[in-house]
Amino acid sequence: MGSIIVFGSSGQLGQSLKNVADKNGLKDIIFLGTQDANILDRAALENTFAKYKPEHVINCAAYTAVDKAEDEVEAARNVNNNGAANVAELCKAYNSCLIHVSTDFVFKGNVPKLLNETDPTQPLSVYGLTKLEGEQAITAVDGKYFILRTSWLYSEFANNFVKTMLKLAETKTELGVIADQVGTPTYAIDLAEAIFQIIRNESKAYGLYHYSNEGVLSWYDFAVAIFHIAGVEMLVKPLKTTEYPTKAERPKFSVMDKSKIKKDLGIDIPYWRDSLITCIKALQ
């Protein structure tokens with residue numbers, strides 16, 4: 001395994017990658033946060049590539065504030081599209097393989113069927129649109145790349161739904177949670193393991209892939225499971241999306257088909273509840 005650069009290392013997936021690398025004794029990985037390498041600063045980025053000459057680049061840098069993006073369109077587009085293009089162009093120039101993380105929010109999600117990589121995209125939000133633009137920018141560069149779309153990311157690190165629910169449980173005994181948006185949670189540690197497996201296997205089956213944990217559930221089901229596994233007494237009430245309006249519209253059904261990543265890249269995917277148990281144990 002040659003040298004690896006991770007952009008966006010201070011975020012949830014970046015910290016999960018570091019955790020997995022440390023546990024497995026993986027060396028030659030350079031973890032860079034925004035303060036170390038801003039993917040919008042082309043000159044600084046070129047210096048980074050010239051210095052490290054990476055074999056693989058993992059791009060976790062993203063604008064992920066879904067509702068804020070509706071008002072901060074330019075900021076979201078800068079990072080999610082222009083930044084991704086910068087990284088892809090330099091990966092091609094240095095013959096590095098890019099692993100870029102995208103989202104289920106590229107889909108409209110209005111049909112209850114498993115979404116595969118060839119299904120039409122129709123983002124409902126600025127966040128989803130700019131992430132799709134980033135995918136398209138990477139594809140247009142035509143270098144060596146893996147784009148991994150994921151969903152409902154959580155872990156022991158940074159801010160996420162699991163940590164928010166457990167935090168709310170410190171002061172509340174009753175919560176309302178959306179029951180008519182259906183998808184699959186993804187434990188960021190599992191995604192990190194999959195990314196390192198792709199690198200270790202030196203796969204040349206480049207392209208677009210879906211990765212989330214296995215299973216199907218609503219945010220309501222997810223919340224109920226979190227409290228049950230954590231041993232927390234909480235009355236969780238199901239809400240309709242209309243009862244909890246948000247600035248950005250979310251897909252109603254965004255369960256992704258993972259057949260391609262399992263078949264082409266040999267990735268094993270854990271069931272969502274098993275991974276949630278692991279995460280809650282680590283948090284406790």
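Two axes count as roughly parallel at angles under 35 degrees, roughly antiparallel over 145, roughly perpendicular from 65 to 115, and oblique for the rest. The model shown is predicted, so that local features need pLDDT of at least 70 and side-chain atom pairs count only at pLDDT 80 or more, while totals for chains, interfaces and linings use all residues. Residues are numbered from 1 along each chain as its sequence is written, and side-chain values use heavy atoms, with hydrogens and water left out.

**View 1. Helix 5 against helix 9.** Helices (H or I, at least four residues) and strands (E, at least two) are DSSP runs numbered from the N terminus. Helix 5 covers residues 161-168 and helix 9 covers residues 272-283; their axes lie 11 Å apart, at an angle of about 55°. Axes are lines fitted to C-alpha atoms, for helices over the stretch in contact, and angles run from 0 to 180 degrees between N-to-C directions. Helix 5 and helix 9 are therefore oblique to each other. Val162, Lys163 and Leu166 of helix 5 meet Leu276, Ile280 and Leu283 of helix 9, where contact means heavy atoms within 4.5 Å. By class, this contact has five nonpolar, no polar and one charged residues. Ala, Val, Leu, Ile, Met, Phe, Trp, Tyr, Cys and Pro count as nonpolar, Asp, Glu, Lys and Arg as charged, and the others, Gly among them, as polar.

View 2. Two strands pair if DSSP finds at least two bridges between them. Strand 4 (residues 97-103) and strand 5 (residues 144-150) are joined by seven bridges in the parallel sense. Within this pair, Ile99 has Phe146 in strand 5 as its bridge partner.

**View 3. Helix 3 against helix 4.** The two axes come within 8 Å and cross at roughly 15°. Helix 3 and helix 4 are therefore roughly parallel to each other. Their crossing is right-handed; a crossing is right-handed if the near helix is turned clockwise from the far one by less than a right angle, and left-handed if anticlockwise. Residues of helix 3 in the contact include Val73, Ala76 and Arg77, and those of helix 4 include Val126, Tyr127 and Leu129. The contact divides into 11 nonpolar, four polar and five charged residues.

**View 4. Helix 2 against helix 3.** Helix 2 spans residues 42-52; its axis and that of helix 3 come within 11 Å and cross at roughly 35°. This crossing is right-handed. On helix 2, Arg42, Leu45, Glu46 and Phe49 meet Asn86, Val87, Glu89, Leu90 and Cys91 on helix 3. Five nonpolar, one polar and three charged residues make up this contact.
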